[in-house]
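Have the sequence and the 3D view open side by side as you read.

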Amino acid sequence: MDGYAVRSVDTAAPPATLTVGARVVTGTPASRALAPGEALPISTGGVVPRADAVVQLERVVESDGRIRIDAPVPAGTNVRDRGGDVRAGGPVLAAGVLLGAAQVARWPRPA
């Protein structure tokens with residue numbers, strides 16, 4: 001989902017005003033951790049940079065390199081855990097499935 005990666009603690013007392021950092025490019029992990037009071041623009045499918053929530057683009061007001069968030073964003077909002085679509089010890093793919101781009105993309109990547 002297009003939006004901003006944030007630390008939920010920074011949004012706990014709305015309205016919260018956060019500084020906008022560098023965009024997280026889809027398919028590439030962020031080059032650094034999210035700083036306190038910072039939000040990083042992120043596109044659908046982007047690797048969330050040590051943030052515990054993503055606030056939807058439509059739920060912020062951006063101006064002069066800052067965003068305003070008018071409601072708390074709880075931890076886990078709009079974030080899927082790596083490997084969250086498979087069970088520990090269970091099969092990732094059925095036996096005999098031909099590997100293509102979609103199947104290979106499911107494998108966890110190193111952080």
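What follows is a guided walk through this fold.

First, a word on what you are looking at. This is a predicted model, in which local features need pLDDT of at least 70 and side-chain atom pairs count only at pLDDT 80 or more, while totals for chains, interfaces and linings use all residues. Residues are numbered from 1 along each chain as its sequence is written, and side-chain values use heavy atoms, with hydrogens and water left out.

Let us begin with the whole chain. It has one helix and six strands; helices (H or I, at least four residues) and strands (E, at least two) are DSSP runs, numbered from the N terminus. Along the principal axes, the C-alpha atoms fill a box of roughly 55 × 25 × 20 Å. Of the 111 residues, 24% count as buried, where buried means under 20% relative accessible area, exposed means over 50%, and partly exposed lies in between (1.4 Å probe, protein chains only). Among contacts (heavy atoms within 4.5 Å) with a separation of 6 or more, 59% come from residues 24 or more positions apart.

Now to the sheet. Strands of a sheet pair through backbone hydrogen bonds, either parallel or antiparallel. Here, two strands are said to pair if DSSP finds at least two bridges between them. The six strands form an open sheet in the order 4-1-3-2-6-5, with mixed pairing. Strand 4 and strand 5 stand at the edges with a single partner strand each, so one side of each has no neighbour in the sheet. On average, neighbouring strands of this sheet are turned by 35 degrees against each other, direction ignored; the axes behind this angle are lines fitted to C-alpha atoms, for helices over the stretch in contact, and angles run from 0 to 180 degrees between N-to-C directions.

With strand 4 (residues 53-56), strand 1 pairs in the antiparallel sense over four bridges. Here Gly-3 stands opposite Gln-56, and Ala-5 stands opposite Val-54. With strand 3 (residues 38-42), strand 1 also pairs in the antiparallel sense, over three bridges. In strand 3, Gly-3 has Ile-42 as its bridge partner.

Next, look at strand 5 (residues 60-63) and strand 6 (residues 66-69), which pair in the antiparallel sense over four bridges. Val-61 faces Arg-68 of strand 6. The hairpin of these strands has two residues between them, and Asp-64 takes a positive phi near 50 degrees there.

Finally, let us visit the loops. Asp-10 is found between strand 1 (3-6) and strand 2 (16-20). Is Asp-10 buried or exposed? Asp-10 counts as buried because its relative accessibility is 18%. Not counting residues up to four places away in sequence, Asp-10 touches Ala-16, Leu-18, Ala-35, Pro-36, Gly-37 and Glu-38.

Pro-36 counts as exposed, because its relative accessibility is 63%. Leaving aside neighbours within four places in sequence, Pro-36 is in contact with Arg-7 and Asp-10. Pro-36 and Val-9 are 27 residues apart in sequence, and their C-alpha atoms are 8.9 Å apart in space.
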